[in-house]
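Subject: A structure to look at

Dear colleague,

I am handing over a structure that I would like you to read alongside the notes below. Please open it first and keep it in view while you go through them.

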Amino acid sequence: MLKIENLHVSVAGKPILKGLSLTVNAGEVHAIMGPNGAGKSTLGNVLAGRDGYEVTDGTVEYLGRNLLELEPEARAAEGVFLAFQYPVEIPGVNNTYFLKAALNAQRKHRGEPELDAMQFLKLVREKLRVLHISDELLHRAVNEGFSGGEKKRNEIFQMALLEPRLAVLDETDSGLDIDALKMVAEGVNHMRSAERAFVVVTHYQRLLDYIVPDYVHVLADGRIVESGDKNLALKLEEHGYAWLRDRQLPQA
Ligand code: ADP
Ligand code: MG
Ligand code: MG
């Protein structure tokens, strides 16, 4: 589904990703961990097609196509969902209106008929029900004054509505309580399927108690330096990242 090879990315002329390679197949959940400043969020931003991230080398293939050539809107329409570490607030724009516009933009791009108000409401009710969340956030402006947990809930709800094929979640390093983590995990677990893949960026092992990943990767200094299964996350929790840094040094 996603094949990243030798990706080099600079931000403001400074190399951040330095030869990152990662392959994600349908049905898999990959966790990306790593020290602060390693480039985890940069990876998410590049996949989303955000401005200011210059790809200087390497390739990103998504469902056999060059992802880097697609506009951000086209990526979303093709089923790529990016949940951001710091979601934007859009004061004055009703959240329901925003979600409906996002969903219909996706449908339009795919040549599917747009949903009318009734159809959208029906879909919203169904998603709220399966995710066990209340409709309270829908009546407010997009992310305005949302707590960390509310932003997460909204993000997961947005993901459930858009039904992505590839979801990339960049989790905050702090500030989320255990209930918010569980809610994110429940949303992801509910949506896990053979046709869908997840890349979950997380600083802490704790989230992975609830989302059990198929693969865990360590991103350090702009590259994947170690890959393993869920046990790698436990090892990182116990020993930190220092042992990986040591391993990269030439043996004396
Ligand atoms: P992580 O998510 O792993 O903590 P980031 O991808 O956020 O790491 O950042 C990697 C490096 O890129 C850091 O040194 C950070 O300062 C730098 N960086 C990220 N985004 C920008 C930006 N927009 N402008 C300048 N430097 C940036
Ligand atoms: Mg960070
Ligand atoms: Mg980050």
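A salt bridge is a side-chain nitrogen of Lys or Arg within 4 Å of a carboxyl oxygen of Asp or Glu, and the structure holds 9 of them. This is a predicted model, in which local features need pLDDT of at least 70 and side-chain atom pairs count only at pLDDT 80 or more, while totals for chains, interfaces and linings use all residues. Residues are numbered from 1 along each chain as its sequence is written, and side-chain values use heavy atoms, with hydrogens and water left out.

The overall picture

The protein chain has 8 helices and 12 strands, where helices (H or I, at least four residues) and strands (E, at least two) are DSSP runs numbered from the N terminus. Its C-alpha trace spans about 70 × 40 × 35 Å along the principal axes. Of the 252 residues, 48% count as buried, a word that stands for under 20% relative accessible area, whereas exposed stands for over 50% and partly exposed for what lies in between (1.4 Å probe, protein chains only). If we take contact to mean heavy atoms within 4.5 Å, then among contacts between residues at least 6 apart in sequence, 68% join residues at least 24 apart.

The salt bridges

In one of the salt bridges the side chains of Asp221 and Lys18 meet, at 2.7 Å from N to O. This pair links distant parts of the chain, since Asp221 sits in the loop between β11 (215–220) and β12 (223–228) and Lys18 in strand β2 (residues 14–24), 203 residues apart. Asp221 counts as partly exposed at 46% relative accessibility, and Lys18 is also partly exposed, with a relative accessible area of 32%.

The side chains of Arg65 and Glu78 meet in another salt bridge, at 3.2 Å from N to O. Arg65 belongs to strand β5 (residues 65–66) and Glu78 to the loop between α2 (72–77) and β6 (80–83), so this pair ties together parts that are 13 residues apart in sequence. Arg65 is partly exposed at 39% relative accessible area, and Glu78 is partly exposed at 22%.

Arg107 forms a salt bridge with Glu112, and here the closest N and O atoms are 3.9 Å apart; Glu112 counts as partly exposed at 31% relative accessibility. Finally, Glu136, Arg140 and Glu150 are linked in a network of salt bridges.

Methods: Chains lettered and ligands numbered in written order.
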